[in-house]
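Hi there,

Here is the structure I promised to pass on.

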Amino acid sequence: MDAIITAGGIPLPGDPLYAYSKGDSKALIDVAGKPMVQWILDALGDAKKVDNVIIIGLSPKSGLTCKKPLHYISNQGRMLANIVTGVNKAIELNKKNEYVLLVSSDIPALKADMVDWLVKTCMETKDDLYYGVCPREVMEARFPTSKRTFTKLKDMEVCGADINVIHVNQTTQHLDTWEQLIGNRKSPLRQAAVIGWDTLFQLFTRQFTLQGLVERASARIGIKGRVLIWSQAEPCMDVDKPHQLELMRDDFTSRKQKTPKTETKAKKK
């Protein structure tokens, strides 16, 4: 499966991350000595189930590297246009491509085994959209100070993943709905309003279970959707605010400090 990384965002003055990006791409903000997006490229490069990587919004001048063939596409101006262009590139690379990975450039904790698990699990069925969620307890156990936004449902509280899988036909169908849903991706309630005011009311009053919400949304949009519940927080831990960036930096530093001790113990054994 080919992976499409959306990396077109540039924080503007007034954006909380502007002081870190200084007018450059958010994806290039430093995290533990590397551009944030390089960590995602490393994970995709080591993943066994990824063929090509298509990165949107950056150029070869960025100095990024990947073990898999890396293709650059310029920013198309809107998130949906970027995704459509990326899917078209994937089809150009391999006309047999049916599904693609959509990966945000701001989940630096992502690991190769998580990518492979996602592809393997999704391909157990033939749906149009696979959307991952992370239960609140999983996120807060791994990143207790993340302050993620959670959708409160009847049976659980969840936040969304930033790596998902779609069928390539979704770039030619329901485009107006996708435009609205993507535009409101930071607000679960506004997304629910796009699907229908009755859905918004039921979500607001916590009448939906997770599966019930998926079934309602799929029926309203006219697709076959499947929700995947992550047991790991990393694919859902994005960097939108300064405290989340510092959290990621501290997490990488902590892991680096632990590595030498682990290696020393291994050598003694």
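Let me start in the sheet: strand 6 and strand 10 (residues 163-167) pair in the antiparallel sense, with five bridges between them. To find your place there, look for Y99, which stands opposite H167 of strand 10. Strand 6 also pairs with strand 1 (residues 2-6), this time running parallel and again over five bridges. On that side, I5 has V103 of strand 6 as its bridge partner.

Strand 6 (residues 99-104) is largely enclosed by the rest of the structure, because six of its six residues are buried. Y99, L101 and V103 point one way from the strand, V100, L102 and S104 point the other way, and all of them are buried.

The disulfide count comes to zero. For C134, the closest cysteine sulfur is that of C236, at 4.5 Å; a disulfide needs the two sulfurs within 2.5 Å, so this pair is too far apart for a bond. C134 is buried, at 0% relative accessibility, and C122 is buried too, with a relative accessible area of 0%.

A word on confidence, as this is a predicted model. The mean pLDDT of the chain is 85, and 83% of the residues score at least 70. Confidence is highest in helix 2 (residues 36-46), at a mean of 98, and lowest in helix 8 (residues 197-204), at 50. Residues 262-269 have a pLDDT below 50, and this stretch makes zero contacts in the model beyond near neighbours in sequence.

Best wishes

Notes:
Residues numbered from 1 in each chain as written. Predicted model: local features only at pLDDT ≥ 70, side-chain atom pairs only at ≥ 80, totals over all residues. Heavy atoms only, no water. pLDDT = per-residue confidence, 0-100. Helix = DSSP H or I, 4+ residues; strand = E, 2+ residues; numbered from the N terminus. Contact = heavy atoms within 4.5 Å. Buried < 20%, exposed > 50% of the residue type's maximum accessible area, 1.4 Å probe, protein only. Pairing = 2+ DSSP bridges.
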